[in-house]
Amino acid sequence: IVNQGSTKIFRARTEYNYNIANSFTLPQDPSPASSTIQHINIIIRDNSILLLLVDPVICFRDASYIQYQEFHLAPTASPVALDWLTCGRMSLGEEWDFAWYHRVNEVWRDGWRLHATSCC
């Protein structure tokens with residue numbers, strides 16, 4: 001899976017209509033309701049390979065972003081995932097100027113968590 005553009009996260013919303021029913025634990029600060037949230041749940045079947053090679057996340061000034069990626073592998077499945085983040089829009093002086101960034105990646109097989117990473 002590839003894309004043709006980066007994930008751009010704009011500043012946090014102050015007014016919102018929020019409804020989410022996910023099983024993962026969200027960070028306590030800031031309010032998840034004011035954050036952009038992306039939850040990807042991928043199932044990779046037997047004898048399959050997933051190449052998830054997307055462009056980087058770009059958080060704009062005052063952005064608040066939460067990403068959760070969950071990979072469920074069949075016994076003979078394999079994943080390759082590229083997950084990266086830029087410092088923001090350097091040309092506008094927005095280097096590491098976002099409010100909040102939280103990312104969790106988990107790899108599961110047969111009900112066992114094989115790998116987990118968390119950032120920021």
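Modeller: Arg113 is partly exposed, at 48% relative accessibility (partly exposed lies between buried, under 20% relative accessible area, and exposed, over 50%, with a 1.4 Å probe and protein chains only). The model is predicted, so local features need pLDDT of at least 70 and side-chain atom pairs pLDDT 80 or more, whereas totals for chains, interfaces and linings use all residues. Residues are numbered from 1 along each chain as its sequence is written, and side-chain values use heavy atoms, without hydrogens or water.

The partner of Arg113 is Glu106, and their closest N and O atoms are 2.9 Å apart in a salt bridge (a side-chain nitrogen of Lys or Arg within 4 Å of a carboxyl oxygen of Asp or Glu). Glu106 itself is buried, with 9% relative accessibility. Elsewhere, salt bridges that share partners join Arg61, Arg89, Glu94 and Asp97 into one network.

Within that network, the side chains of Glu94 and Arg89 meet at 2.7 Å, N to O. Glu94 is buried, with a relative accessible area of 4%, while Arg89 is partly exposed at 27%. Asp97 and Arg61 likewise form a salt bridge, with an N to O distance of 2.6 Å. Asp97 belongs to the loop between strand S6 (78-82) and strand S7 (100-109), and Arg61 to the loop between strand S4 (57-59) and strand S5 (64-73), so the pair ties together parts that are 36 residues apart in sequence. Both residues are partly exposed, Asp97 at 29% relative accessibility and Arg61 at 35%. The salt bridges described here are among the 5 counted by this rule.

The setting of these pairs is a chain with 0 helices and 8 strands; from the N terminus on, the order is β-β-β-β-β-β-β-β. Helices (H or I, at least four residues) and strands (E, at least two) are DSSP runs, numbered from the N terminus. Of the 120 residues in the protein chain, 35% are buried. Among contacts between residues at least 6 apart in sequence, 72% join residues at least 24 apart (contact means heavy atoms within 4.5 Å). Pro56 lies in the loop between strand S3 (49-53) and S4 and is buried, with a relative accessible area of 11%.

The surface also has a nonpolar part. The protein chain exposes about 7600 Å², of which carbon and sulfur atoms supply 52% (Shrake-Rupley method, 1.4 Å probe; for residues, only the protein chains shown count as cover). Ile49, Leu51, Leu53, Val80, Leu82 and Trp84 form a nonpolar surface patch with about 530 Å² of accessible area together. S3 and S6 are the elements that give two or more residues to the patch, and its largest share, 3 residues, comes from S3. Patches take residues with over 30% relative accessible area and no salt bridge, joining like charges within 9 Å and nonpolar side chains (Val, Leu, Ile, Met, Phe, Trp, Tyr) within 5 Å. Val80, one of the members, is found in strand S6 and is partly exposed, at 38% relative accessibility.
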